[in-house]
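Here is a short report for a first look at this structure. Please keep the sequence and the 3D view at hand while reading.

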2 protein chains.
Amino acid sequence: MASAYISISRINLSHRAISPSISSKRRYTTIARVAQNQSYWESIQSDIDSHLKKAIPIREPLTVFEPMHHLTFSPPRTSASALCVAACELVGGNRADAIVAASAIHLMHADIYVHDNMLLTDRVEPRPTIPHKFDPQIELMTGDGIMPFGFELLAGSMDPASNNADKILRVIIEISRAIGSEAMVSDQDHEANTQIHRLHESGAASGAILGGGNEEEIERLKKFGLYAGKIQGLLNKMGKNEEGKIEKWRALALKELEHFDSKKIEQISTIVTGDSLKFSYVGKS
Amino acid sequence: MASAYISISRINLSHRAISPSISSKRRYTTIARVAQNQSYWESIQSDIDSHLKKAIPIREPLTVFEPMHHLTFSPPRTSASALCVAACELVGGNRADAIVAASAIHLMHADIYVHDNMLLTDRVEPRPTIPHKFDPQIELMTGDGIMPFGFELLAGSMDPASNNADKILRVIIEISRAIGSEAMVSDQDHEANTQIHRLHESGAASGAILGGGNEEEIERLKKFGLYAGKIQGLLNKMGKNEEGKIEKWRALALKELEHFDSKKIEQISTIVTGDSLKFSYVGKS
């Protein structure tokens with residue numbers, strides 16, 4: 001079911017934007033890499049979904065947990081969650097170190113998605129056209145329950161054996177800022193989709209923190225995440241031809257990765273190079 | 001402005017429920033104690049408000065921070081915040097140790113209040129009659145920003161010098177559970193106002209944790225908070241004559257306090273003995 005929301009597409013981006021001439025040998029390598037990266041991002045998403053399904057089973061009382069389950073799993077997935085895991089692995093961490101934070105990021109995203117698409121009395125056009133299984137009051141209250149549940153999961157991943165309390169608190173700060181007042185404040189470029197940008201930024205930073213990255217690695221991956229979020233946000237606004245902006249952000253994003261071992265950045269870099277995950281989330285515009 | 005929302009009233013409760021005969025000397029003592037307790041709870045509330053005003057100033061961009069400030073300070077105060085500070089002080093902690101958690105609890109309560117009173121397309125009667133300065137979309141998004149800001153404040157109160165990360169994570173678990181899925185699940189008695197109950201329960205537990213209480217103290221104050229929340233929840237549903245329930249919960253609450261030094265419980269006990277803070281919050285029914 002989860003994979004239905006993931007479409008790996010080349011969209012309007014191509015490797016040529018970075019590599020002007022591609023030989024037939026290199027083209028073959030690119031295709032092989034796409035296949036490999038498909039399974040990389042999809043394997044991450046599959047692990048996140050498995051974790052969430054265990055955390056939010058459908059159980060009694062059904063009036064609470066059926067909407068919670070539905071509103072958690074019906075929104076499209078966000079690449080911010082997958083990026084959290086990829087950043088953790090890039091700095092040498094284990095996937096298990098980041099899977100709870102990645103799940104929490106999905107829950108924040110699901111709450112935002114549900115509330116963005118609520119049918120409100122004064123909602124200006126265009127009105128949300130997604131299917132609504134539950135009435136607005138249920139959607140409102142369930143979204144309000146999903147968000148703190150994300151923080152509960154995060155705080156509950158404290159493990160005295162690994163002495164990770166400081167890291168988790170830092171991740172809570174990153175994620176709460178991303179979805180709180182900072183996201184509501186438009187960024188200096190007056191870009192839309194600020195919450196998408198910030199969620200990717202905080203996702204990458206959180207993965208780096210949990211994977212044991214040093215301060216420079218955390219800062220660089222945080223910036224990488226911001227550019228990846230800007231690109232994903234723009235790609236989600238279909239029909240706009242903003243190749244110039246995407247080129248600029250892609251270059252800035254890849255510059256941050258130069259700090260890392262070139263053999264290790266291949267997978268994470270695909271999120272900005274056009275073989276990336278293309279999630280179908282349409283954010284606020 | 002804050003004190004406008006606090007009415008110290010005897011409501012339908014009296015000391016006689018606990019102390020059947022009150023001599024004139026004891027009546028004098030009671031009056032003196034009321035005055036003293038007024039200033040105790042009001043001084044706590046004043047400190048919480050001061051902290052919040054520093055944390056959420058009205059600043060640019062006004063389109064974000066004016067609604068955030070307004071929707072933080074216009075809801076009536078919840079005694080759950082004050083109880084957090086009182087519990088901290090009861091176990092020997094300093095007020096400063098609990099003021100951030102108490103502020104965070106107010107922010108959670110403010111979000112719940114704003115969303116409870118939103119004008120939704122399908123809202124059944126009675127429709128909320130509170131004044132609405134902003135349209136529903138602003139109220140929805142601002143509430144969604146206020147809640148994570150509460151978690152950001154909490155996580156940001158980590159202080160390496162006092163090595164309090166574990167305590168803060170435990171408080172985040174308490175508070176996120178109180179407002180998340182657990183609050184949505186009706187309790188066994190099928191009482192309404194579950195979020196009010198849980199917010200008081202988590203407030204008292206959080207104060208005890210941050211004040212350095214031992215496990216027994218934390219558990220007892222958590223139970224005390226739950227009963228205090230049930231009483232406050234019932235008092236907010238004006239017009240119902242449920243003295244019997246209140247009597248039962250008051251007795252159970254006071255029983256938890258027997259564990260503590262009798263000289264120290266005078267102030268906190270007033271939250272259930274009728275000289276308590278009576279907040280004007282009307283919760284979901």
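## Salt bridges across the interface

A salt bridge is a side-chain nitrogen of Lys or Arg within 4 Å of a carboxyl oxygen of Asp or Glu. By that rule, 2 salt bridges cross the interface of chain B and chain A. The model is predicted. In one salt bridge, the side chain of A:E152 meets that of B:R177, at 3.0 Å from N to O.

Polar contacts also link the chains. Chain B and chain A share 4 residue pairs of this kind, both residues at pLDDT 80 or more.

## Who supplies the contact

On chain B, five elements each give at least two residues to the side that touches chain A: α2 (62-73), α4 (95-116), α5 (136-156), α6 (165-179) and α7 (181-184). The largest share comes from α5(B), with 14 residues. By type, this side of chain B holds 25 nonpolar, 9 polar and 10 charged residues.

## Extent of the interface

Chain A brings 44 residues to the contact, and chain B brings 44 residues. Together the chains bury about 3800 Å², and 72% of that lies on carbon and sulfur atoms. B:E152, B:L169 and B:M184 supply 15% of the area that chain B buries against chain A, more than any other three residues.

## Chain A on its own

Chain A has 11 helices and 2 strands. Its order, from the N terminus on, is β-α-α-α-α-α-α-α-α-α-α-α-β.

Of the 285 residues in chain A, 57% are buried. Take the contacts in chain A with a separation of 6 or more: 74% join residues 24 or more positions apart. Chain A exposes about 11900 Å², with 51% supplied by carbon and sulfur atoms.

Definitions and conventions
Residues numbered from 1 in each chain as written. Chains lettered and ligands numbered in written order. Predicted model: local features only at pLDDT ≥ 70, side-chain atom pairs only at ≥ 80, totals over all residues. Heavy atoms only, no water. Contact = heavy atoms within 4.5 Å. Buried area = accessible area lost by both parts, 1.4 Å probe. Polar contact = N/O pair within 3.5 Å; in protein donor to acceptor, adjacent residues only side chain to side chain. Helix = DSSP H or I, 4+ residues; strand = E, 2+ residues; numbered from the N terminus. Nonpolar A, V, L, I, M, F, W, Y, C, P; charged D, E, K, R; others polar. Buried < 20%, exposed > 50% of the residue type's maximum accessible area, 1.4 Å probe, protein only. Areas by Shrake-Rupley, 256 points an atom, 1.4 Å probe, with all protein chains shown as cover.
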